[in-house]
Amino acid sequence: MAPQRRAGSRTAESGGAGAGARAQESRRLSSVMKGNGQKDSRRKWLKVAFLLSSAMLGYLLSGSYLLSEEGVTEVLAHYGEIVKDKFIEVPCSEDYDSHKRFEGCTPRKCGRGITDAIISRVEAERIRRIAEKGLSLGGSDGGASILDLHSGALSLGKHFVNMYRYFGDKVHDTFTEEDFHLYSEVRQRIQQKIALAFGISSSSMYLTKPTFFSRINNSEAKTAHDEYWHPHIDKVTYGSFDYTSLLYLSDYTEDFGGGRFVFMDEGANRTVEPRAGRVSFFTSGSENLHRVEKVHWGTRYAITISFTCNPDHGIGDPVLT
Ligand SMILES: *[C@@H]1O[C@H](CO)[C@@H](O)[C@H](O)[C@H]1NC(C)=O
Ligand SMILES: *[C@@H]1O[C@H](CO)[C@@H](O)[C@H](O)[C@H]1NC(C)=O
């Protein structure tokens, strides 16, 4: 936490100093201008050119400084663009060899896909409301809260509770059948998209756990569960994972700062900037080592939806009974 914070304030300070120097320079220039009278219009142009170029330089300097600070070297999907269908193939790691293989599902082709075309922003908003409702029952003391509709796991203070047991009937007043229907429908669409992208049959893959909503803000971590920013490999963390997907429910730079998803490749950090309705999916092995930047301000909502090829690890859709 500490190095990151220091880094953040350093950026702010250098930006502030730059702006201050520019303001001083322009004040000096304008007093010079007044002293010489206004007849020299070339000077006016010089002043405009100076201000423009210094503003541009400041912008470029602070921009590249911020980028290099987070170590990001490439943006795979910008928050402001609408990505129809993007797929980047990467060679598969050997992680899949140490698990039982399921022909027609276990990745032979590995990579990453991004699409803004399968979940609308209106749907993303409706799903975010499900997350908001559920998480309003609990919430972590630290910055990262989760809600798992399948197991009922909900962050509460420094722990988790099973919301179905802990809140009983209150859960039924919180969610509607429609909420759960939408959740299942969206999950199916994402599953079909992944199957298509990797050339497998959608029926050969199974939803697995954990599949959960996350809500992240900039509160200081209180337990290890709040530390979402460490680089990790999903298949190492959860052996059953074969395909991981993320559905973003809020917008980078609009709703929160920091919090970009980063693929950590040898020699490059490639980011997917969250955008409500954006689906990012990838094979879960070490070909896709990744991390999430710390959220600096605001609140970031997403769902992690995980798939396995092993039917023994499959889970069903959540039901509201
Ligand atoms: C972050 O969320 C927690 C609940 O999980 C809340 O208690 C805290 O006040 C929030 N922090 C900020 C800075 O909004
Ligand atoms: C990628 O980011 C990490 C930390 O975020 C940094 O240590 C590493 O040097 C970066 N890699 C490149 C190639 O910039």
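This is a predicted model: local features need pLDDT of at least 70, side-chain atom pairs count only at pLDDT 80 or more; totals for chains, interfaces and linings use all residues.
Local features need pLDDT of at least 70, side-chain atom pairs count only at pLDDT 80 or more, and totals for chains, interfaces and linings use all residues. Residues are numbered from 1 along each chain as its sequence is written, chains are lettered from A and ligands numbered from 1 in the order in which they are written, and side-chain values use heavy atoms, with hydrogens and water left out.

## Ligand sites

A residue counts as near a molecule if one of its heavy atoms lies within 4 Å of it. Ala, Val, Leu, Ile, Met, Phe, Trp, Tyr, Cys and Pro count as nonpolar, Asp, Glu, Lys and Arg as charged, and the others, Gly among them, as polar.

Around ligand 2 lie E70, G71, T73, G267, A268, N269 and R291. Their classes are one nonpolar, four polar and two charged.

The table lists polar contacts (pairs of N or O atoms within 3.5 Å; within protein, one must be able to donate a hydrogen and the other to accept it, and residues adjacent in sequence count only if both atoms are side-chain atoms).

| Side chain | Ligand atom | Distance |
|---|---|---|
| S145 | oxygen of ligand 1 | 3.3 Å |
| N217 | oxygen of ligand 1 | 2.4 Å |
| S219 | nitrogen of ligand 1 | 2.8 Å |
| N269 | oxygen of ligand 2 | 2.4 Å |
| R291 | oxygen of ligand 2 | 3.1 Å |

On its own, ligand 1 has 360 Å² of accessible area, and the protein covers 49% of that.

## Cavity

The structure holds one cavity of 30 Å³ or more. A cavity is a set of points, on a 1 Å grid over the protein atoms alone, where a 1.4 Å probe fits but cannot get out; lining residues have an atom within 4 Å of a point. The largest cavity holds about 50 Å³ of space. Grid points are joined across faces, edges and corners, and the volume is the space filled by probe spheres set on the points.

Its lining consists of S140, A144, S155, G157, K158, H159, F160, T223, H225 and D226. Strands β6 (153-157) and β7 (159-162) each give two or more residues to this lining. Helices (H or I, at least four residues) and strands (E, at least two) are DSSP runs, numbered from the N terminus. The lining divides into two nonpolar, six polar and two charged residues.

## Aromatic pairs and backbone

There are 13 aromatic pairs (rings of Phe, Tyr and Trp, its six-membered ring, with centres within 6.5 Å; planes under 30 degrees apart count as stacked, over 60 as edge-to-face and the rest as tilted). One is edge-to-face, because the rings of F87 and F198 have centres 5.2 Å apart and planes at 80°. F87 sits in strand β2 (residues 86-90) and F198 in helix α6 (residues 177-198), so the pair ties together parts 111 residues apart in sequence.

K209 and P210 are joined by a cis peptide bond, with omega about 0°. P210 is in strand β8 (residues 206-216). T253 is not a glycine, yet has a positive phi of about 75°. T253 lies in the loop between β9 (243-248) and β10 (256-258).

Definitions and conventions
Accessible areas come from the Shrake-Rupley method with a 1.4 Å probe; for residues, only the protein chains shown count as cover. On a 1 Å grid over the protein atoms alone, a cavity is a set of points where a 1.4 Å probe fits but cannot get out, and a pocket is an open set with protein on both sides within 12 Å along at least five of seven lines; lining residues have an atom within 4 Å of a point.
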